[in-house]
Amino acid sequence: MAKKWKQKIQRWLTKQLDLPEDVMMDFPRITMVGQLHIYIENHRGLLTFSDREVRVLLSQGQLLVKGEGFVIKTMWPEELILEGKIEQVLYINE
Amino acid sequence: MKNLWFKRLFGSITVKLIGIGGERIINELIRHHVVIWNVKKLQEGELKFQMFIKDVSHLRKAVRIHRVKVRFIKRGGFPYWLKRLRRNTGLFIGALVAFIIITLLSNMIWKIEIKGASPELEYKMMNQLKQMGVKVGGFQFLVDDPEGIQRKLTAMNEDVTWIGVELNGTSYHFQVVEKEQPEEVEKTSPRHLVAKKEAVIVDYFVEKGEPVVTINDFVKPGQLLVSGLIGREDDKQKVSAKGKILGKTWYTTEVEVDLTTEFELLTGEEWEQMTLDFGNFSIPIWGFSTTKYKHEKVEKNKKELKFFKWTLPVAITSKTVKEVEIHTKSYKKEEARKLALEIAKKDLQKTVPEEAKILDEKILHEKEENGKLKLLISYDVIENIAKEAPIIQEEQED
């Protein structure tokens, strides 16, 4: 209950003060360069990794990236760069 | 942090994880702020990635929690490169020693050549040079620069007019001009003596030939003074006329003297510094004072290192910074005039022959402008005005 309240207040504040959502609300920021790169900021860890499928934990839910020949180019505590041929990007909400 | 160029510098390893749950290891590493890159799945249950060597301890801890097999596949980067180099130490040391030897040999003195000196002077100079450190087998950077050697040698040898010092690679060449040249046996052809310049004859002294002018004659340049044809009118003989004709000549000199002059005086305050220069970059190795004087005079002495015939961009520079005080001195008009006359006289003495005598000086014109005193001075000088001129063939036939 408390978590929901916190989220509501955050959302309201962000809207009222016109702040960027990713900063305020701990959302991931995902940047893609064509099908070549996907750059995920603010992730919470790697769940599964194979050359065809990558599953990344986010603050809420998961991100599923499908494609071919995946290589994690670099990985930092909160960012990662994935390389390969990206075909699908899916949000999975439990 | 985004750029991983420094991964070469710190050294990295490629790690292979065998077993299910390699992702958990990666998460564990990430949680401890370990950077990893090039994560690849080789096949089911096999993960490969690269990381810094310094983070290996984190990997060990992570493996203790999640049991997977770890293989280190490849090592790369600077530390390993250094290790490999250490294995080839012998070769490395050899190259270094060779370089040092060649550098030392390039900076040695291999040859000393003295030209134009008599045997005894040459011997004397060789000894003097040896005392200065200039000897075969000596090091160039331990001796003075050629100008300094030149100065010292000239000071030591009074009987030498000029010594030229040239450093050519590893050999020193000395060109000596001795004052007392052996007197050449004069073998002159028949000649007249003619006037060199406009003058009034004051005195003459003729050894050979027949004077055709007398005292108080005014002569023009090229005018015949002593004839080389002597004897009776019909039977003239050619001789080589010889003698001195002293004539009064005139010189005008213009001098300018500043009524106020600035001159520098050393106060005695100074500091020294030695630097090791690599190209334009210099590292102080002695003397770290950076005292700034209001007015200073910097003396620099740069010794460059040589390799074969090339100069290496490595040099040792010694620098002395001396404090100076600038004084201004202003002259009164009379003082300035006196000074101007002195300067003019010195100038004149440089231009006239050595045996010439200055008789009289007269200020023709004096002008003061822009803080300067301008003087036009005329001098009466007595000098030898005789000049040899060959007897022209036609004249003889007449």
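The exercises below work through strands, a chain contact and a helix in a predicted model. Residues are numbered from 1 along each chain as its sequence is written, chains are lettered from A and ligands numbered from 1 in the order in which they are written. Because the model is predicted, local features need pLDDT of at least 70 and side-chain atom pairs count only at pLDDT 80 or more, while totals for chains, interfaces and linings use all residues.

**Exercise 1.** Work out how strands β1 and β2 of chain A are joined.

Helices (H or I, at least four residues) and strands (E, at least two) are DSSP runs, numbered from the N terminus. Two strands pair if DSSP finds at least two bridges between them; here five bridges join β1(A), residues 29-33, to β2(A), residues 37-41, and the strands run antiparallel. Val33(A) has His37(A) in β2(A) as its bridge partner. The two strands form a hairpin with three residues between them, and in its turn Gly34(A) has a positive phi of about 50°.

**Exercise 2.** Describe the side of chain B that touches chain A.

With contact meaning C-beta atoms, placed from the backbone, within 7 Å, 14 residues come from chain B and 14 residues from chain A. On the chain B side, β2(B) gives the largest share, six residues. Strand β5 of chain A, residues 62-75, is joined to β2(B) by four bridges, and the two run antiparallel; Val71(A) stands opposite Lys40(B).

**Exercise 3.** Check the length of helix α6 of chain B.

The expected span is 1.5 Å times one less than the number of residues, so the 14 residues 119-132 should span 20 Å, and the end C-alpha atoms are 20 Å apart, which agrees. Just after α6(B), Gly133(B) takes a positive phi of about 100°.

Conventions:
Contact = placed C-beta atoms within 7 Å.
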